[in-house]
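Dear colleague,

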2 protein chains.
Amino acid sequence: MINKQVLFMKRPIGIPDKSIWKYSESEIRDLNQNEFLIKNHYISLDPAMRGWMNDAPSYIAPVQIGEVMRAGTVGEVIKSNNENFKIGQFVSGWGGVQEYCISIGDNYNKIYPGEMPLPTFLGYLGMPGMTAYFGILQEGEIKEGDIVLVSAAAGAVGSLVGQIAKIKRCRVIGIAGGKEKCDFLVKELGFDDAIDYKNENIYTSLKEKFPKGIDVYFDNVGGEILDAVLTRINKNARIVICGAISQYNNKTKVVGPSNYMSLLVNRASMKGMVVFDYKENYMKAFTDIATWFKEGKLKNNDTIIEGIENFHEAFLKLFSGDKLGKLVLKIKNEK
Amino acid sequence: MINKQVLFMKRPIGIPDKSIWKYSESEIRDLNQNEFLIKNHYISLDPAMRGWMNDAPSYIAPVQIGEVMRAGTVGEVIKSNNENFKIGQFVSGWGGVQEYCISIGDNYNKIYPGEMPLPTFLGYLGMPGMTAYFGILQEGEIKEGDIVLVSAAAGAVGSLVGQIAKIKRCRVIGIAGGKEKCDFLVKELGFDDAIDYKNENIYTSLKEKFPKGIDVYFDNVGGEILDAVLTRINKNARIVICGAISQYNNKTKVVGPSNYMSLLVNRASMKGMVVFDYKENYMKAFTDIATWFKEGKLKNNDTIIEGIENFHEAFLKLFSGDKLGKLVLKIKNEK
């Protein structure tokens, strides 16, 4: 049986081009004791993957040259020498950008799709969901009436951050690129307002839409938007640094927030977060999100691209913004 | 009776030149009901004064053109229509850059010099002392064994921050400009080590002197040093933003910390502080600092310049670094 894989061949500078990857096919070996074979159904595409490609110290080791590209996956056990993972069991884990993978169970969780669509386990019930939940509730410390701003608001993390803040009775404004996304935030997800950073002056719009300032800013983008937001924060504001997608493909030095002294004037904080730190409480988040989902309080939106051979083009959509909600790669012929 | 005053005449761009000030003399008027007349003995010179000169929203209103320059002072009541402030009472407050001032008592505190030298009430027992105390203990949350770095370490705030951290059994390293100051930190104040930023490469020295990283950074300077420190912080590090003296006289935009994404990788926080927020607990800090002082656990160092006519030259020493410890202006002929 043949496994199609995407191997990481070269550390990119700037936006990765196709030469970074090698599309490879290899025969799947026999299973050893305790091993099982997973057929991946969906592969998660996340901005964080760009960071894992750099050879720099970070919260997780960089992907090594020649390895299968690291990615979160959901799939189904189709062969097994492991009593705990029987054939037919659905699992989520670090399956990588490939059609099949072999595991002994470490770093794999059993999942029970039931009423939930399978890609949800890579989105609202996966890492992006956990990130949004702990980021806005624990680090953002939102309370009723807070004025909350989130960037990359139509993305996998941002769209959930905003919806959770609405559930907690905050006033929520999202930043996204283009009219379609902004309409989606307000009309579909129930955000109070949206800023189209591609067609509006961010300084002017922040001023107009935040006459009473910003209490919590959940930042996924960094760069000029973070700098602009710093001019509008309230006393004791919390800025949650979740990502800085505007800077990930920089060929030059990252642009630092030149208005950071607003933190002093406003006794505000800027704090970084990494989702893995909340591991022990994932179950609580999972339960809350699933409940809100079933109660109709959360709306989901996935952008699904089919075919592992389209990985590179799909991956680039993370940075071009040409997608809505969670971006996943679907293995062909899967449900 | 004549009052010599320094009036603020023009908002500076960059380093203030002498044309910013008008040295004026005026007759002191008669006292109204409840008023009392203070003869200032010492005037506090603080980096924060540079910020008050800018016409920008901040934690305190800017000084208005034509006003006496705002400054903290200690002095003695020499005439009084106020029962609560009798002749001979020593007071600290916002007396401004002038030899005398009239007050009804708002924003003035009675002080009792006793065994403490009078300038101490502008230093370790004044705003710099309160800033250091709450900044390192409450915001820095230091605990025994923490590795602590402080910039402008030979200054009024930094020198106390470091000594408090030593009392709390931290490992403490200070950054200062020049061998004399660095020697002072280690030999006089008991710091574990010092970095001379004027004669050392800050990146190299941080690497050498912090093989185990930095848990708490108390920042008074901003700019390149903050950026360099961000590359050496530990997981869950706390950066206390107290000031950014390297940027106060900028003619161009402030330089933001381009390595701020280290906050994410290290789940670290950067938080601004303004001393006035801790007002309700000043007495606790005051008592602790006075006790440590009497027990010989704290060493003090003041740079005293005499004569109100030397205000401008004295003020510039804040930015040139040509002073040690707390900088004060002494009114001539005072003890």
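How far apart do the C-alpha centres of domain 1 of chain A and domain 2 of chain A lie? They lie 28 Å apart, where domain 1 of chain A covers 2–123 + 300–330 and domain 2 covers 127–276, with bounds that come from an automatic or database domain assignment. The contact between these domains takes 16 residues from domain 1 and 15 residues from domain 2 of chain A, two residues being in contact if their C-beta atoms, placed from the backbone, lie within 7 Å. On the side of domain 1 that touches domain 2, there are six nonpolar, seven polar and three charged residues, with Ala, Val, Leu, Ile, Met, Phe, Trp, Tyr, Cys and Pro counted as nonpolar, Asp, Glu, Lys and Arg as charged, and the others, Gly among them, as polar.

Before going further, please note that this is a predicted model, in which local features need pLDDT of at least 70 and side-chain atom pairs count only at pLDDT 80 or more, while totals for chains, interfaces and linings use all residues. Residues are numbered from 1 along each chain as its sequence is written, and chains are lettered from A and ligands numbered from 1 in the order in which they are written.

Turning to the two chains, a rotation of 180 degrees with 0.0 Å of shift along its axis superposes chain A on chain B with an RMSD of 0.0 Å, by least squares on the C-alpha atoms of residues with pLDDT of at least 70 in both. The two copies are thus related as by a two-fold rotation axis, and among the residues of chain A it is A:Gly256 whose C-alpha comes closest to that axis, at 2.2 Å.

The contact between the chains takes 25 residues from each of chain A and chain B. On the side of chain A, helix H7 (262–265) and strand S13 (269–272) are the elements that give two or more residues, helices (H or I, at least four residues) and strands (E, at least two) being DSSP runs numbered from the N terminus.
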